[in-house]
Amino acid sequence: MTVRSFSKPVDTPPSPRSRVVRFLGAGVINTAFGYSVFAALVFLGAHPQVALIVQFVIGVIWNYWIHGRYVFGVRGYARLPLYALSYVIIYFANAFLLRAFMVAGLNAYLAQAVALGPVVILSYVMISHALGVRPGAKGDEQL
């Protein structure tokens, strides 16, 4: 006679390769959502800087949910503070690269386009760690 388990099966996190593809897809979704929030607030009369702050706060929570569940298979909000800190660091790294490329003579559009590659890689590494995943480890083990 066998004993049956009535507990819910544990979600299997996506494979490392699938995770990168999901991360890029989530970036498109997160960007569209964040810009929509910003644009709606400006349309409703908010000052652009106020709209940006509100969009950032809402965006971090939205992005955490998308990255946590869809990309990394993480549930709950215990890692949200570290995730938000990662976003702040990513922002400053992006701002630094943007400034550096503009000082080097690139216009703002091209400078941000060139910065995008390193920023996406940094984002993946920082967000992976914030959500408790060691990228590149065998099977991308949870920390």
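Helices (H or I, at least four residues) are DSSP runs, numbered from the N terminus. This is a predicted model, in which local features need pLDDT of at least 70 and side-chain atom pairs count only at pLDDT 80 or more, while totals for chains, interfaces and linings use all residues. Residues are numbered from 1 along each chain as its sequence is written, and side-chain values use heavy atoms, with hydrogens and water left out.

**View 1. W65 in helix α2.** W65 lies in helix α2 and counts as partly exposed because its relative accessibility is 41%, where partly exposed falls between buried (under 20% relative accessible area) and exposed (over 50%), with a 1.4 Å probe and protein chains only.

**View 2. Buried residues of α2.** Within α2, the buried residues are A51, Q55, G59, V60, N63, Y64, I66, H67, G68 and V71. What covers these residues includes α1, α3 and α4, contact being heavy atoms within 4.5 Å. Just after α2, G73 takes a positive phi of about 70°.

**View 3. The largest nonpolar core.** A nonpolar core is a set of buried Ala, Val, Leu, Ile, Met, Phe, Trp, Tyr and Cys residues joined through side-chain atoms within 4.5 Å. The largest one has 20 residues, and F23, F72, Y83, I127 and L131 are those with the most contacts inside it. The elements giving two or more residues to this core are α1 (16–43), α2, α3 and α4 (108–130), with α4 giving the most, six residues.
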